[in-house]
Amino acid sequence: TLLDAKKGKVQYGDVIVTRVFELAYTDTTSAKNLLDAMKLGVNINPIEATGTLVVIGYAYRMPRIEQLLEMIDRPGEPKQFRFRQLKYTMAKTLAPKIKTLAEQLGTISITIAAPAAPAPARPARGRPPARPAPPPAALAKPTVYLDADERTNRILMIGLEEQLALIDEFIKVTDSESAHTAREISNTEGIFAGYTSGAVMQAIKQLNERGEFGADDNVVVIFPDHGSRYMSKIYSDQWMEDQGFLDTDKVDETQEIQYVKG
């Protein structure tokens, strides 16, 4: 065990422990692949015959491991997982934006993983109790689970294959394109749109490009935020340049925008 000099003594979370996880629905190989990709365990041994996963790792990581396994170990069609590496946006701030965008469009249900509970002060004796199955009400509606990996700034997505493809599209929307679209709305429509409003409009554009709408369809778009909150961000050329978002062809579009407090 490596001891932090500032702590002065070994804490429970610093030590290596062994946990046995019983899986009810997913196979142990898929579960091992997920934990390996997250680099959470020191040693992960799947036992296919009994549907168990023996995980050896740091105690403070065990609650997060348990949380991830709960996400994929659910009845129904086997869940897939996918990572999306982020370059400009922080993972912990992007996940709520994706959820907001999905709610605006009404296309998919998204649950964001709650922060894992801290490790207990001392290890429990004996074998940990089996995890309870999710309540029936939670299983009625297919849901995509998002988890922000702050260590690597990646978004972890867990769900059905077609759902993950749609979330990938949302992530593309919430990056630089949503900032430019918000600025475009302000320039062409006279609506001082916020960052999320730009993301909603950009999503509509991309859905239209995919042929989701017919020639006679009426599409209602709700803009949930105002551009006054983003004067120092998406309406600042310096901020856009710092994020790598600046498009020199569109630099002039916000020079005349001023925020006047009423």
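## Getting started

Helices (H or I, at least four residues) and strands (E, at least two) are DSSP runs, numbered from the N terminus. With those labels in hand, let us walk through this structure, which is a predicted model.

The protein chain has seven helices and seven strands. Along the sequence they follow the pattern β-α-β-β-α-β-α-β-α-β-β-α-α-α. Of the 262 residues in the chain, 40% are buried. The accessible surface comes to about 15000 Å², and carbon and sulfur atoms account for 50% of that area. Now take the contacts in the chain with a separation of 6 or more: 71% of them are between residues 24 or more positions apart.

## The nonpolar cores

Which residues have the most contacts inside the largest nonpolar core? They are Leu35, Leu53, Val55, Ile65, Leu68 and Leu69, in a core of 22 residues. Strands E1 (16-22), E3 (52-58) and E7 (154-159) each give two or more residues to this core, and helices H1 (28-38) and H2 (62-72) do too. H2 gives the most, with six residues. The core also draws at least three residues from each of domain 1 (16-73) and domain 2 (77-113 + 141-170).

Beyond its neighbours within four places in sequence, leucine 53 is in contact with Arg19, Val20, Phe21, Thr28, Ala31, Lys32, Leu35, Ile44, Asn45, Pro46 and Leu69. There is also a second, separate core of 21 residues, and Leu94, Val144, Ile167 and Val200 are among them.

## A covered helix

Helix H2 is mostly covered, with nine of its 11 residues buried. The buried ones are Met62, Pro63, Arg64, Ile65, Gln67, Leu68, Leu69, Met71 and Ile72. What lies over them? The cover includes E1, H1, E3, E6 and E7.

## Around strand E7

Isoleucine 155 sits in strand E7. Is isoleucine 155 buried or exposed? Its relative accessibility is 0%, so isoleucine 155 counts as buried. Leaving out residues within four places in sequence, its contacts include Arg82, Phe83, Leu86, Leu94, Leu146 and Ile171.

In the loop between strand E6 (144-149) and E7 you can find asparagine 153. Most residues other than glycine have a negative phi. Asparagine 153, though, has a positive phi, near 55°. This residue is buried, with a relative accessible area of 14%.

## Along helix H6 and beyond

Serine 197 belongs to helix H6 and is buried at 0% relative accessibility. Apart from neighbours within four places in sequence, serine 197 touches Ile185, Phe223, Pro224 and Asp225. Leucine 207 is also found in helix H6. Its relative accessible area is 12%, which means that leucine 207 is buried, as the cut-off is under 20%. Leaving aside residues up to four places away, leucine 207 touches Leu105, Glu212 and Phe213. From leucine 207 to glutamate 169 is 38 residues in sequence and 9.2 Å in space, C-alpha to C-alpha.

Valine 221 lies in the loop between helix H6 (195-209) and helix H7 (237-243). Its relative accessible area is 30%, and valine 221 is partly exposed. Together, Ile191, Val219, Val221 and Phe223 make a nonpolar surface patch of about 270 Å².

## Salt bridges

How many salt bridges does the structure hold? There are 11. One of them joins the side chains of lysine 32 and aspartate 36, at 2.7 Å from N to O. Both residues lie in helix H1, four residues apart, or about one turn of the helix. Lysine 32 is partly exposed at 24%, and aspartate 36 is partly exposed at 35%.

Aspartate 149 and arginine 151 also meet in a salt bridge, at 3.5 Å from N to O. Aspartate 149 is buried, with a relative accessible area of 2%, whereas arginine 151 is partly exposed at 48%. Arginine 210 pairs with glutamate 212, their closest N and O atoms being 3.4 Å apart. Arginine 210 is partly exposed at 45%, and glutamate 212 is partly exposed at 45%.

Key:
Residues numbered from 1 in each chain as written. Predicted model: local features only at pLDDT ≥ 70, side-chain atom pairs only at ≥ 80, totals over all residues. Heavy atoms only, no water. Core = buried A, V, L, I, M, F, W, Y, C linked by side-chain atoms within 4.5 Å. Buried < 20%, exposed > 50% of the residue type's maximum accessible area, 1.4 Å probe, protein only. Domains from an automatic or database assignment. Contact = heavy atoms within 4.5 Å. Patch = residues over 30% accessible without salt bridge, like charges linked within 9 Å, V, L, I, M, F, W, Y side chains within 5 Å. Areas by Shrake-Rupley, 256 points an atom, 1.4 Å probe, with all protein chains shown as cover. Salt bridge = Lys/Arg side-chain N within 4 Å of Asp/Glu carboxyl O.
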